[in-house]
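Hi,

Here is the structure I promised to pass on. Have a look at it first, and my notes on what turned up in it follow below.

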Amino acid sequence: MAKIESIAVATVRVPLDNVTSFATRTVSARDYGLVKVRAGGVEGIGFCYAGSSGGTLVAESAISILDCALWDLNSRASKLPLYRYLGAAVDDAVPAYASGGYYLPGKTPKKLGEEMAGYAKAGFRAVKMKVGRLSPGEEEARIKAARNAIGPDVDLMLDANNAWHDLPTAMRYMERFELYDPYWIEEPFFPDDIDNHARLAKLTRVTVATGEIGTGRWHFKEILDKGAAQILQTDALVCGGVTEWRRIAATASSYGVTVCPHWFHDLHAQLVAATPNARYVEFFPDDQVLNFRRLIDTQLEMKDGMLLLPKTPGLGFGFDEKAVARYALKDGNSAWTVLKAK
């Protein structure tokens with residue numbers, strides 16, 4: 001086993017082209033924590049989103065990022081793409097859904113519908129939009145426009161981003177939303193409000209999805225035990241790394257629950273390919289809202305709503321060092337702080 005020679009860390013802040021709103025917040029920039037781990041002459045990389053202004057916190061607690069880098073390093077050393085290193089049966093492509101539908105000034109239901117229709121025309125069999133910021137009637141108008149635009153055969157996901165604080169409020173919305181056959185309702189309550197997720201799951205025919213900021217398999221086991229979600233959106237770069245993500249997915253499988261990981265298609269496409277009870281990868285056609293792809297040197301290709309898996313070792317991409325230098329939050333001349341083994 002090769003000895004780790006060095007670890008390099010960096011924090012970057014990438015501004016959004018346009019300030020964008022969710023149900024509960026408005027975002028103008030994205031912070032990311034980046035890491036490079038070198039051992040035996042091979043380098044692996046890890047990364048994670050760190051909120052809208054909390055990037056420097058990642059350097060203090062980075063289990064998920066380091067775990068990702070070690071899996072990348074080991075699969076590169078084995079000269080295998082990560083999904084093959086994990087023993088995947090799928091080796092060509094995995095299904096993705098187009099994630100968008102944000103709130104922007106002047107974005108009418110008609111314009112939202114046109115956006116969703118564009119994704120369907122591009123070949124996506126599933127699309128996602130934001131909900132929960134406006135009144136029940138206004139939100140129904142948005143969802144109706146989206147459903148009419150994409151037709152009955154495209155899955156329509158709804159993301160509430162923790163918009164509701166109690167069950168009666170959630171049901172006022174859900175009774176309207178159910179008319180348009182949503183595939184799921186995502187994060188209706190605060191992440192730790194597992195009991196209300198479970199109550200809602202019993203009252204609505206729409207599948208409840210949650211878990212994108214959950215950490216550790218014990219958190220997810222409580223969700224599963226209480227029947228609070230039938231789709232887990234576990235994020236490997238948040239939950240504890242690729243190692244913990246695989247444990248959570250295996251636990252979910254024993255409950256008959258599907259995993260559709262949150263964000264970072266660059267990594268999650270490979271994990272979905274290697275996980276029997278995983279289905280969709282989240283993909284953002286527009287990189288201005290979730291702009292991590294501006295920091296890497298190779299992009300996954302799309303075809304007919306499917307993400308094509310890379311054939312090169314490890315994650316299949318590296319950091320774009322010019323972009324990292326441009327966006328880095330740094331004290332000295334270098335974007336990276338390097339720690340060498342003694």
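A definition before the helix pairs: axes are lines fitted to C-alpha atoms, for helices over the stretch in contact, and angles run from 0 to 180 degrees between N-to-C directions. Keep in mind that this is a predicted model, where local features need pLDDT of at least 70 and side-chain atom pairs count only at pLDDT 80 or more, while totals for chains, interfaces and linings use all residues. Residues are numbered from 1 along each chain as its sequence is written, and side-chain values use heavy atoms, with hydrogens and water left out. Helices (H or I, at least four residues) and strands (E, at least two) are DSSP runs, numbered from the N terminus.

**Helix α9 and its partners**

Helices α7 and α9 pack at an angle of about 20°, their axes lying 9 Å apart. That makes α7 roughly parallel to α9 (angles under 35 degrees count as roughly parallel, over 145 as roughly antiparallel, 65 to 115 as roughly perpendicular and the rest as oblique). On the α7 side the contact is made by Gly216, Arg217, Trp218, Phe220 and Leu224, and on the α9 side by Glu244, Arg247, Ile248, Thr251 and Ala252. Contact here means heavy atoms within 4.5 Å. The α7/α9 crossing is right-handed, that is, the near helix is turned clockwise from the far one by less than a right angle, anticlockwise being left-handed.

With helix α1 (residues 63-77), α9 does something else: the two axes come within 7 Å and cross at roughly 95°. The two helices are therefore roughly perpendicular to each other. Here Asp67, Cys68 and Trp71 of α1 meet Val242, Thr243 and Arg246 of α9.

**Salt bridges**

How many salt bridges does a search of the whole structure find? It finds 20, counting a side-chain nitrogen of Lys or Arg within 4 Å of a carboxyl oxygen of Asp or Glu.

One of them joins the side chains of Glu244 and Arg217, at 2.9 Å from N to O. This pair links distant parts of the chain, with Glu244 in helix α9 (residues 242-254) and Arg217 in helix α7 (residues 216-225), 27 residues apart. Glu244 is buried at a relative accessible area of 7%, whereas Arg217 is partly exposed at 27%. The cut-offs are under 20% relative accessible area for buried, over 50% for exposed, and partly exposed in between (1.4 Å probe, protein chains only).

Lys221 is partly exposed at 38% relative accessible area, and Asp225 is partly exposed at 46%.

Asp287 and Arg294 meet in another salt bridge, at 3.4 Å from N to O, and Asp287 is partly exposed with a relative accessible area of 25%. There is also a network: Lys128, Lys130, Asp159, Glu186 and Glu282 are joined by salt bridges that share partners.

**The nonpolar cores**

A nonpolar core is a set of buried Ala, Val, Leu, Ile, Met, Phe, Trp, Tyr and Cys residues joined through side-chain atoms within 4.5 Å. The largest one has 103 residues, and those with the most contacts inside it are Leu34, Phe47, Trp164, Leu267 and Phe292. Beyond its neighbours within four places in sequence, Leu267 is in contact with Phe47, Cys68, Leu82, Ala236, Leu237, Val242 and Leu315. A second, separate core of eight residues includes Tyr97, Ile231, Cys260 and Tyr280.

**Around α5, α6 and β8**

In helix α6 (residues 194-203), Ile194, Asn196, His197, Ala198 and Leu200 are buried. The buried residues of α6 pack against α5 (167-177), β8 (207-210) and α7.

Thr210, in strand β8, is buried at 3% relative accessible area. Not counting residues up to four places away in sequence, Thr210 touches Glu187, His197, Ile223, Ala229, Ile231, Leu232 and Gln233.

Tyr173 lies in helix α5 and counts as buried at 8% relative accessibility. With neighbours within four places in sequence left aside, Tyr173 is in contact with Gly132, Leu134, Ser135, Pro136, Glu139 and Trp164.

Cheers
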